[in-house]
Amino acid sequence: MKNIKKIWIVILLTLLLMGCVPSNSDNDLPDDKDPDDEPQIEDPIGYPFDWQIEFEVNTENETIKIIAHFDDDLALHETIEFGILYLFTNEEINLHENYGPTNKYTKYTFSSNLTYTIHDIDSVNYNINLKVRLYYVTDGYAFYSNISTFNLYEQKKNDTDTFAIKIKDFVEGNITITSIELIINYTNYTITSKPEYLNIQIAYDFKEVTLTITPTESKYRFNENISLIINNKNQNIKFKTIENNILTIKFNDPNWSGIY
């Protein structure tokens, strides 16, 4: 009889202790945990989507094309909407629909390939990271890819096309020289006035004058269509080359009589 009483006491104590343990159900979240803060990145079947993001720069139109590849298996689900989220920012952000300044390109009929082109890129964004994330909404769930990062300056800094030069000039603080004004004394072929940021050597053979012009700092660059003004008059240029940021110009010597 005593043993039966002991068993009942143990059972009652166990029940009391279980009633004091806090609930740990799947629906309970900490007070500071917002379920929207961390979007799901797996589909209901239980394996990660195969997301792919590519970037393509059009130097002629000065645009960035985002090329998105979605997992073909998404076609098995009911598509509510899907698309591309993007933002120029160097901040570490969790890019998703609820993030205020995010740009969004949305489609409602599923396709495994989606492209979006960013036009009129502000020069301030040349060296700001472009962050891109794909998203897909189905059955009341929103799924997100990892964030891909693209930097226009890093992509173009070793190129030599006009868009690349424009980007580098802005980011690196370069100055493009479009015109050079000189005063030359043709009696002794000396340059008496020139821009202080240029070193200029003059050579002549009484038929042609050759100027070799070098910037004093690497931030100065010569425009391909540079003009030359000498003694307050536009100078007709016979020959011009720009190599390693050294400008060579040749023109007829005004002292040449044309006799020899």
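1. Buried here means under 20% relative accessible area, exposed over 50%, and partly exposed in between, with a 1.4 Å probe and protein chains only. Arg-133, at 7% relative accessibility, therefore counts as buried.

2. The model is predicted: local features need pLDDT of at least 70 and side-chain atom pairs count only at pLDDT 80 or more, while totals for chains, interfaces and linings use all residues. Residues are numbered from 1 along each chain as its sequence is written, and side-chain values use heavy atoms, with hydrogens and water left out.

3. Arg-133 belongs to strand 6 (residues 130–138); strands (E, at least two residues) and helices (H or I, at least four) are DSSP runs numbered from the N terminus. The Arg-133 side chain comes to 2.5 Å from the backbone oxygen of Ser-145.

4. Phe-82 sits in strand 3 (residues 81–88) and counts as buried because its relative accessibility is 1%. Beyond its neighbours within four places in sequence, Phe-82 has contacts (heavy atoms within 4.5 Å) with residues including Phe-70, Tyr-105, Phe-110, Leu-114 and Tyr-135. Phe-82 and Tyr-135 are 53 residues apart along the chain, with 5.5 Å between their C-alpha atoms.

5. In helix 3 (residues 162–172), the buried residues are Phe-163, Ala-164, Ile-167, Lys-168 and Asp-169. Their cover includes strand 1 (52–58), helix 2 (152–156), strand 9 (175–185) and strand 13 (220–230).

6. The N-terminal end of helix 3 is capped by Asp-161, which has a side-chain oxygen 3.1 Å from the backbone nitrogen of Phe-163. After helix 3 comes Gly-173, with a positive phi near 75°.

How values were computed: Polar contact = N/O pair within 3.5 Å; in protein donor to acceptor, adjacent residues only side chain to side chain.
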